[in-house]
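Me: Hi! I'm new to this one, could you walk me through it?

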Amino acid sequence: MAMGTSIFISGGILTGQVMGLSELLGKEGYWPLLLSTTCIPAVLQLLILPWFPESPRYLLIDRGDDHACNMALKQLHGGENYHGEREDMERERASATGVKPLKPWELFADKTLRWPILTIIIMSSAQQLNGINAIYFYAEYVFAEAGIPFEKIPYATVGTGACECLTALTCGLLIESLGRRVLIIGGYSLMALWCICFTITLTFQNLSSGMPYLSMACVFAFILSFGLGPGGVTTILITELFTQTARPAAYMIGGSVKWLSFFFIGMVFPFIVNGLHQFCFLVFFVVCCVVATVIFFVVPETKNKTFLEIQNEFHRRKRTTGSDPLMPTSL
């Protein structure tokens, strides 16, 4: 279910690109109507969400309502195919006995949660600071340099949205077989590689007639790598690194960091481009390398593990990698 977030986000990007074509609402006189189409998904959510069940874990662990939990599980899973998840929830409830749900600021005061919090802050910020927005910024320029007629560039841009949507769907098929770590570390590693390649092709854009086409290939390769890794896996990892008492607060922190990072890159990126030009992708290269390294050493594989097993594995890896990053090391 968590994969639905990235699928619908990429689907929304693709829908917006299609709606913006000149044959639909892309003409100058239609822009108020195009802008107002954002009301459609909002109204649909208001109509549909009341029919959705409440979170079973919230009902069982936070409210202690067994009957409502069973009803929600039946609605989500259908029939009687929910007993395995219910047993997992019972174990989590037993471990959370006497523990109140944490507020966002309380997570930072809990020493046992400092590594997970630091991890989601890094991953959430990197999801916006990894260069994906820069790639979309440069896409039209790259397509024009490759010889695509100006009036056809919007269709090529729709191709980038379709590419991200396709990889989001593919990630949903691969995540249970390959695991989270392989996809997200591989995604960031490939994105770092394409940053180097894109910098080279943009630098030597005018030296060869084939360079613009290589630049265009780098655009699609970068988007593919993002969709297969960070775009699809980040939200799932935030869900799986915390138990019910801390998960809602962790979601708030992750979401806040993500949108603050989006605002930051939106404000700062024009100055980065004006100052560094095509070499701005070396900044994103460093970001991708740092995040891939942190995930490799800190984040455990979560595939086919319960939330309690993941939490124990995280604490074990923390003891292996070193001391608490926010506390001084004792001598």
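Reply: Happy to. A pocket here is an open set of points on a 1 Å grid over the protein atoms alone where a 1.4 Å probe fits, with protein on both sides within 12 Å along at least five of seven lines; lining residues have an atom within 4 Å of a point. A volume is the space filled by probe spheres set on the points, which are joined across faces, edges and corners. This is a predicted model, where local features need pLDDT of at least 70, side-chain atom pairs count only at pLDDT 80 or more, and totals for chains, interfaces and linings use all residues. Residues are numbered from 1 along each chain as its sequence is written, and side-chain values use heavy atoms, with hydrogens and water left out.

Me: How much space lies in the second largest pocket?

Reply: About 220 Å³. Its lining includes Gly12, Tyr136, Phe137 and Thr157.

Me: Which helices each supply at least two residues of that lining?

Reply: α1 (3-19), α9 (132-145) and α10 (153-178) do. Helices are DSSP runs (H or I, at least four residues), numbered from the N terminus.

Me: New topic. Which residues have the most contacts inside the largest nonpolar core?

Reply: Tyr188, Phe198 and Phe281, in a core of 61 residues. Helix α11 (residues 180-203) gives the largest share of this core, nine residues. Such a core is a set of buried Ala, Val, Leu, Ile, Met, Phe, Trp, Tyr and Cys residues joined through side-chain atoms within 4.5 Å. Buried means under 20% relative accessible area (1.4 Å probe, protein chains only).

Me: And what does Phe198 touch?

Reply: Leaving out residues up to four places away in sequence, Phe198 touches Ile135, Tyr138, Val142, Ser215, Cys218, Val219 and Phe281. Contact means heavy atoms within 4.5 Å.

Me: Is Gln128 buried or exposed?

Reply: Gln128 is buried, with a relative accessible area of 9%. Gln128 sits in helix α8 (residues 114-129). Beyond residues up to four places away in sequence, Gln128 touches Asn133, Lys258, Ser261, Phe262 and Ile265.

Me: Where does helix α14 bend?

Reply: At Val268, by about 40°, and Pro270 follows within four residues. That bend is the angle between axes fitted to the seven residues ending there and the seven starting there. Among the buried residues of α14 are Lys258, Ser261 and Ile265.

Me: What follows α14?

Reply: His277, with a positive phi near 55°.

Me: Last one: where is Leu59?

Reply: In helix α4 (residues 56-62). Leu59 counts as buried, at 4% relative accessibility. From Leu59 to Ala72 is 8.7 Å, C-alpha to C-alpha, though they are 13 residues apart in sequence.

How values were computed: Buried < 20%, exposed > 50% of the residue type's maximum accessible area, 1.4 Å probe, protein only.
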